[in-house]
Amino acid sequence: NTHSSVVLNYAASTSTNTSYPQANVAIGSAANKMSYYNSSANTLLFYGGNYNVQTVVATLQYSLAAIEAAYPMNLNTSSTSAVGGTINVTAPLPITSTFVGTSSVVTDGTGTVNLPGSASYSNCYRVMTYQNFTLSANGGFITATITQMNYNYYSPSTFKAPLLTISTSTANIAGFGANTQTIVT
């Protein structure tokens with residue numbers, strides 16, 4: 001379903017959430033829609049937060065962070081790392097488990113971004129991040145694979161936060177099928 005009339009205002013603040021001790025930035029539109037990052041001069045690391053993919057509702061806490069960006073951004077700069085941590089799924093059925101997987105990031109394009117309302121940003125970078133991780137709970141009785149792909153468009157004047165994000169997430173819980181959603185922010 002497309003919800004083009006839904007407007008969310010995101011705010012960034014210093015993270016004080018003790019569940020994410022490595023994070024120094026919290027970004028969200030509501031208490032149940034938060035993401036936690038560590039922003040430094042060299043990298044932007046993702047440590048987790050609330051995760052909703054249609055009927056799948058979960059909280060992720062990374063002990064091995066996902067790399068979201070590496071600075072300075074240059075075309076074809078890439079990095080791959082292991083990710084892992086804990087996941088607490090509350091719907092469609094309760095699951096608490098650890099997860100492991102990989103995270104990749106690559107600056108794969110440059111150009112001009114034209115947004116509605118005559119907003120135009122030149123010399124932008126497109127940064128693609130890809131995460132894929134699996135979990136197994138209840139002695140292997142419940143297994144799931146979660147895949148997330150983000151396309152973040154950064155302007156040189158605002159390179160610490162993307163101008164536009166296109167995010168596709170798929171949660172595939174064995175026996176329940178796949179749930180996929182795409183969000184443009």
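User: Is Y20 buried or exposed?
Analyst: Y20 is buried, with a relative accessible area of 5%. Buried means under 20% relative accessible area, exposed means over 50%, and partly exposed is in between, using a 1.4 Å probe on protein chains only.

User: Where do these numbers come from?
Analyst: This is a predicted model, where local features need pLDDT of at least 70, side-chain atom pairs count only at pLDDT 80 or more, and totals for chains, interfaces and linings use all residues. Residues are numbered from 1 along each chain as its sequence is written, and side-chain values use heavy atoms, leaving out hydrogens and water.

User: Okay. How many aromatic pairs are there?
Analyst: The search of the whole structure gives six aromatic pairs. Rings of Phe, Tyr and Trp (its six-membered ring) pair if their centres lie within 6.5 Å; planes under 30 degrees apart count as stacked, over 60 as edge-to-face and the rest as tilted.

User: Which ring does Y20 pair with?
Analyst: Y20 pairs with Y36, and the two rings are stacked, with 4.2 Å centre to centre and 10° between the planes. Y20 lies in the loop between strand 1 (11–14) and strand 2 (25–30), while Y36 is in strand 3 (residues 33–39), so the pair ties together parts that are 16 residues apart in sequence. Helices (H or I, at least four residues) and strands (E, at least two) are DSSP runs, numbered from the N terminus.

User: And Y36, buried or exposed?
Analyst: Y36 counts as buried, at 9% relative accessibility.

User: What about another pair, Y62 and F99?
Analyst: Those two are edge-to-face, at 5.1 Å centre to centre with 80° between the planes. Y62 sits in strand 5 and F99 in strand 7, so this pair ties together parts 37 residues apart in sequence. Both Y62 and F99 are buried. Y62 and F99 also belong to a cluster linked by ring pairs, along with Y37, F46 and F133.

User: New topic: how many salt bridges?
Analyst: The whole structure has one salt bridge, meaning a side-chain nitrogen of Lys or Arg within 4 Å of a carboxyl oxygen of Asp or Glu. The partners are D108 and R126, whose closest N and O atoms are 2.8 Å apart. D108 is in strand 7 (residues 95–115) and R126 in strand 8 (residues 119–137), so the pair ties together parts 18 residues apart in sequence.

User: How accessible are D108 and R126?
Analyst: D108 is partly exposed, with a relative accessible area of 31%. R126 is also partly exposed, at 27%.

User: How would you look for empty space inside?
Analyst: Rolling a probe the size of a water molecule over the atoms shows where empty space is left. On a 1 Å grid over the protein atoms alone, a cavity is a set of points where a 1.4 Å probe fits but cannot get out, and lining residues have an atom within 4 Å of a point.

User: Which residues line the largest cavity?
Analyst: Among them are V56, I87, L135, A144 and I173. Strand 5 (56–70), strand 6 (78–91), strand 9 (142–154) and strand 10 (164–173) each supply at least two lining residues. By class, the lining has ten nonpolar, two polar and no charged residues. Ala, Val, Leu, Ile, Met, Phe, Trp, Tyr, Cys and Pro count as nonpolar, Asp, Glu, Lys and Arg as charged, and the others, Gly among them, as polar.

User: And what lines the second largest cavity?
Analyst: Its lining includes A69, T77, V105 and V127. Strand 7 gives the most, with three residues. The classes here are five nonpolar, three polar and no charged residues.

User: Last one: what does T165 contact?
Analyst: The side chain of T165 makes a polar contact of 2.7 Å with that of N152. A polar contact is a pair of N or O atoms within 3.5 Å; within protein, one must be able to donate a hydrogen and the other to accept it, and residues adjacent in sequence count only if both atoms are side-chain atoms. T165 is in strand 10 and is buried, with a relative accessible area of 15%.

Note on methods
On a 1 Å grid over the protein atoms alone, a cavity is a set of points where a 1.4 Å probe fits but cannot get out, and a pocket is an open set with protein on both sides within 12 Å along at least five of seven lines; lining residues have an atom within 4 Å of a point.
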